[in-house]
Amino acid sequence: MLTQRQLEKIADEFGKRMEKIVQRYLTAMGEHIRDIGTLLPSDVHRLVEMRRVDVNMDVIRREIATALEASEQDVERVFEEVAQTDYRAEAALFDDAKPLPIVQNAALMRMLESYTRQTAGALANLSNTTVMDTAYRAAVDRAIQAAQSGVTDYASAIRQAVKEAASTGLVVKYASGAVRRLDSAVRMNVLDGIRQLNQEVAVETGKEYGADGVEMSAHAVCAHDHLPYQGRQYSHEDFARLQNTLKRKIGTWNCRHFVTPVILGVTKPANSPELLENYRRTSEEKITIDGATRTRYEWSQKQRELETKVRRQKDIANTARAAGDDVLRREAQYKIERYQAAYKRITDKAMLTAEPSRMYVSGFRSVNIE
């Protein structure tokens, strides 16, 4: 069965495809604002410049549609590979080295088709959501006003607008009103679908070999809401009841747990009581860093917060570079270095794992702030 890390890596590839489009959007916006600043007050025509927003957004929307179409096609291939891998892995757990081809298993094929269709449909729906270009338009509007007024320091006049637009990035708005950054939305949709498929294939395959329950995986630095339940074995009925009592179900909303099929009373637990207790202590241990006291798990969430802040500042730096605003670019670089220093302190003092890939932003180049 594929691990959570392996599933995240697969989803990351889909997200990176969109992240490149986000950066092209930010670059187009920065260059647009830079060009407005080169015009004399008498040359600026609001309607002409605002129409350029529409032109840029039309290009971005076409790129999004093309990338989403390619992603939908990849979903079918990737999900089939995941199902095949999980099917063979679960069969091996029950000493079946040569299981029937998965295509001959009607139940699993229906499951594969269902999750593939569901995830591909979710990606297709992103094309129909509203691309939020409000921040872009507001930044251009402010830039035009600054140019028309003939301010001496054009960059300073519109710096805050650029910062706000860049920190928002390219996002989509769902019918529910929820807003999510485009690359994160794609990654989330793929990860949720593939994670559910991963788990359901394992459980269904186990049942075919006589498994009457599941065992939940366990790891150190576990979220408090799942900590009491990890590493334990459950009958199918008990696990279903547990899922119904949890606000954040196992295997959803960035949960790293997964379940494997077991025969209750026969399958030896993968984790000893001593190891599970060690995981509990590790997760709940209170650690003081920079005057703040949190559990180790809470510090791991602080890591995620800092990773997001670093990515946001890199977006701002990329946009500032395109806009020719070296002051804003150095300001973003300063914050990046400050956040990264805090990240390293937390990682070292809380003895957590650093994940620099979570702070990656395509096209970013650091600059000397001195």
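Student: Is the crossing of α1 and α5 left-handed or right-handed?

Tutor: Please note at the outset that this is a predicted model. Helix α5 covers residues 154-168, and its axis lies 11 Å from that of α1 at an angle of about 165°. Angles over 145 degrees count as roughly antiparallel, so α1 and α5 are roughly antiparallel to each other. As for the handedness of the α1 and α5 crossing, it is right-handed.

Student: How many nonpolar, polar and charged residues does the contact of α1 with α5 have?

Tutor: From α1, the contact draws on L26, M29, I33 and I36. These meet Y154, I158, V162, A165 and A166 of α5. Divided by class, the contact of α1 with α5 has no polar residues, no charged residues and 9 nonpolar.

Student: How are α1 and α9 oriented to each other, oblique or roughly parallel?

Tutor: Two packed helices are described by the angle between their axes and by the distance between those axes. Here α1 spans residues 4-36 and α9 spans residues 296-323; their axes come within 7 Å and cross at roughly 40°. Angles under 35 degrees would count as roughly parallel. The orientation of α1 and α9 is therefore oblique.

Student: Which residues of α9 make the contact with α1, and how does that contact divide by class?

Tutor: α1 passes α9 in a right-handed crossing. On the α1 side, the contact is made by Q23, L26, T27, M29, G30, E31 and R34, and on the α9 side by D315, N318, T319, A322 and A323. By class, the contact of α1 with α9 has 4 nonpolar, 5 polar and 3 charged residues.

Student: Turning to charged pairs, with which residue does R137 form a salt bridge?

Tutor: Side chains of opposite charge can pair when their charged atoms come close. For R137, the closest N and O atoms of the pair are 2.3 Å apart. The pair links distant parts of the chain, 83 residues apart, with R137 in helix α4 and its partner in helix α2. That partner is D54.

Student: Is D54 buried, partly exposed or exposed?

Tutor: Buried would require under 20% relative accessible area, and exposed over 50%. D54 has 31% relative accessibility, so D54 counts as partly exposed.

Student: Why are D58 and R61 separated by about one helical turn?

Tutor: D58 and R61 form a salt bridge in which the closest N and O atoms are 3.9 Å apart. Both residues lie in helix α2, and the separation is about one helical turn because they are 3 residues apart.

Student: In the salt bridge of E285 and R296, where does each residue lie, and is R296 buried or exposed?

Tutor: The side chains of E285 and R296 meet at 2.8 Å, N to O. E285 lies in the loop between α8 and β7, whereas R296 is in helix α9, 11 residues apart. E285 counts as partly exposed at 38% relative accessibility. R296 has 3% relative accessibility, so R296 counts as buried.

Student: Finally, how many salt bridges does the structure hold?

Tutor: Some charged residues are joined in a network of salt bridges, namely R17, D74, R77 and E81. For the structure, the number of salt bridges is 31.

Terms used:
Residues numbered from 1 in each chain as written. Predicted model: local features only at pLDDT ≥ 70, side-chain atom pairs only at ≥ 80, totals over all residues. Heavy atoms only, no water. Axes fitted to C-alpha atoms, helices over the stretch in contact; angles between N-to-C directions. Helix = DSSP H or I, 4+ residues; strand = E, 2+ residues; numbered from the N terminus. Parallel < 35°, antiparallel > 145°, perpendicular 65-115°, else oblique. Left-handed = near helix turned anticlockwise from the far one by under 90°. Contact = heavy atoms within 4.5 Å. Nonpolar A, V, L, I, M, F, W, Y, C, P; charged D, E, K, R; others polar. Salt bridge = Lys/Arg side-chain N within 4 Å of Asp/Glu carboxyl O. Buried < 20%, exposed > 50% of the residue type's maximum accessible area, 1.4 Å probe, protein only.
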